[in-house]
Amino acid sequence: MSHVCITKVKDPDIYNAVKSCFSEIITDELLNGVRKILIKPNLLNSSPAHTGVTTDLRIIESLIGILREKNIKEIIIGEGSFEDTEKVFKALEVYRLEKFGAKVVNFEEDEWIVVESPLKLALKHFHLPKTVMDCDLIINIAKMKTHSDTGVSLGIKNLLGCILKRERMAGHIMGIEKTILDVFSYLTENKRMVSVIDGIYALEGRLGPANGNPVKMDLIIAGTDSVAVDAASVRIMGYSPERIRHILLASGFGFGEIENYEVSGESIENVKRRFDMPPRIPSFRSYLLSYLMEEFFKKIPYPKFEERCTRCESCALSCPIGNITLINSKVNIDEKECIGCMVCIEACRRGVLDYRVQHELIYGVGRFVYKLVLRGD
Ligand code: SF4
Ligand code: SF4
């Protein structure tokens, strides 16, 4: 049976919490024959860990110490950020971790190897860095965050940061959940994996994963079944994991357990807290039905706090369909063409952009009836 370990962190005693959690998960059996380990954090941008946006580097520092004790010689920290990775590494002082015996790799400067998706839901082929291809074990250290498009950003979603940026952008056009599944299915079929969720400072709110309110949860959640780890984390965030489509799909394809896993350490009931989540668009196992729902209740961004705008153009440069222009220094979004991917929301660090759900009135009435009649969340 799958196993998820939930550990309470007593700041500043990160090391002991990481050690106690990983002693259950990173066993000698798991490390048997492992020579090279890749640690994949979530370093989306240069916001520090206490904002709830990026992985706490103290977890990585502790983990390196534990792996060195287990005689692992090659430990690599690799990431391809949403923003310029080199600038993010420097701002967050990621290279500082090299003094503990790890090597830091900027995926953007790595050699890229093309692979075939086992599922081919959105991308038939995509590129992975040689560092990812060469490692024997991936320790995926994601952040506990809400996400305006996918509901949450946890372990399965974090692996999307392994592929080329332009393919991530293409994935937003082809369907982000399907793209997540393409990447996750390849990695989970071809690599040993440990999934870790940094819930020391989590992030809640409708504008995640780059903007929102930090929540001090003081938790680390870990296991070797990425689906079970994500499912337990969503339950800790106060919701059913079945409402998160990419987790539901991952379990439906047989990549892990959404329901049947045992928990050690803290119980979910004891640590759970209901997060402020982005509006939920109903999703179904049927692609067609989900697609129709997403089209009808598309999320449309708009500049809510124009006075905060610095005209940095980050939103315009990130939009995968070139749908944003700055006319007379004003952000202009073509609502008709917008595919509702929410990349611009992720790109804007100034909190200028917000979004509304198309057909808001019908959506509101539907949600009200659903809650009242079915008592759903
Ligand atoms: S305007 Fe924003 S939500 Fe619309 S397509 Fe562009 S990035 Fe996506
Ligand atoms: S990313 Fe934000 S601050 Fe920059 S131009 Fe767009 S709306 Fe303005």
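R311 sits in the loop that runs between β12 (299–303) and α13, where helices (H or I, at least four residues) and strands (E, at least two) are DSSP runs numbered from the N terminus. R311 also has a positive phi of about 55°, although it is not a glycine. The model is predicted, so to speak of local features takes pLDDT of at least 70 and side-chain atom pairs count only at pLDDT 80 or more, while totals for chains, interfaces and linings use all residues. Residues are numbered from 1 along each chain as its sequence is written, chains are lettered from A and ligands numbered from 1 in the order in which they are written, and side-chain values use heavy atoms, with hydrogens and water left out.

**Ligand surroundings**

- R311 is one of the residues around ligand 2, and the others are C309, T310, C312, E313, S314, C315, V331, C348, R350 and V352; a residue counts as near a molecule if one of its heavy atoms lies within 4 Å of it.
- By class, the shell around ligand 2 holds six nonpolar, two polar and three charged residues. Here Ala, Val, Leu, Ile, Met, Phe, Trp, Tyr, Cys and Pro count as nonpolar, Asp, Glu, Lys and Arg as charged, and the others, Gly among them, as polar.
- Around ligand 1 there are 13 residues, of which C319, C338, C341, M342 and C344 come nearest.
- The shell around ligand 1 has eleven nonpolar and two polar residues, and no charged ones.

**Two domains and their interface**

- The domain assignment, automatic or from a database, gives domain 1 (2–271) and domain 2 (287–374).
- Taken over C-alpha atoms, the centres of domain 1 and domain 2 are 26 Å apart.
- In contact across the boundary are 23 residues of domain 1 and 22 residues of domain 2, contact meaning heavy atoms within 4.5 Å.
- About 1900 Å² is buried between domain 1 and domain 2, and carbon and sulfur atoms give 50% of it; buried area is the accessible area (1.4 Å probe) that two parts lose on being put together, summed over both.
- F82, S148 and R206 supply 27% of the area that domain 1 buries against domain 2, more than any other three residues.

**Pockets**

- The largest pocket has a volume of about 730 Å³. On a 1 Å grid over the protein atoms alone, a pocket is an open set of points where a 1.4 Å probe fits, with protein on both sides within 12 Å along at least five of seven lines, and lining residues have an atom within 4 Å of a point. Points are joined across faces, edges and corners, and the volume is the space filled by probe spheres set on them.
- Among the 32 residues that line the largest pocket, D149, I176, E177, S290 and E294 lie nearest its centre.
- α12 gives the most to the lining of the largest pocket, with five residues.
- The lining of the largest pocket splits into 14 nonpolar, eight polar and ten charged residues.
- The second largest pocket holds about 420 Å³ of space, and L44, S81, F82, R168 and E346 lie nearest its centre among 26 lining residues.
- α7 gives the most to the lining of the second largest pocket, with four residues.
- Because domain 1 and domain 2 both give residues to its lining, the second largest pocket lies between them.

**Backbone details**

- The peptide bond from G208 to P209 is cis, with omega near 15°, and P209 is in the loop between β9 (192–204) and β10 (213–223).
- E93, in the loop between α4 (85–91) and β4 (103–106), has a positive phi near 60° without being a glycine.
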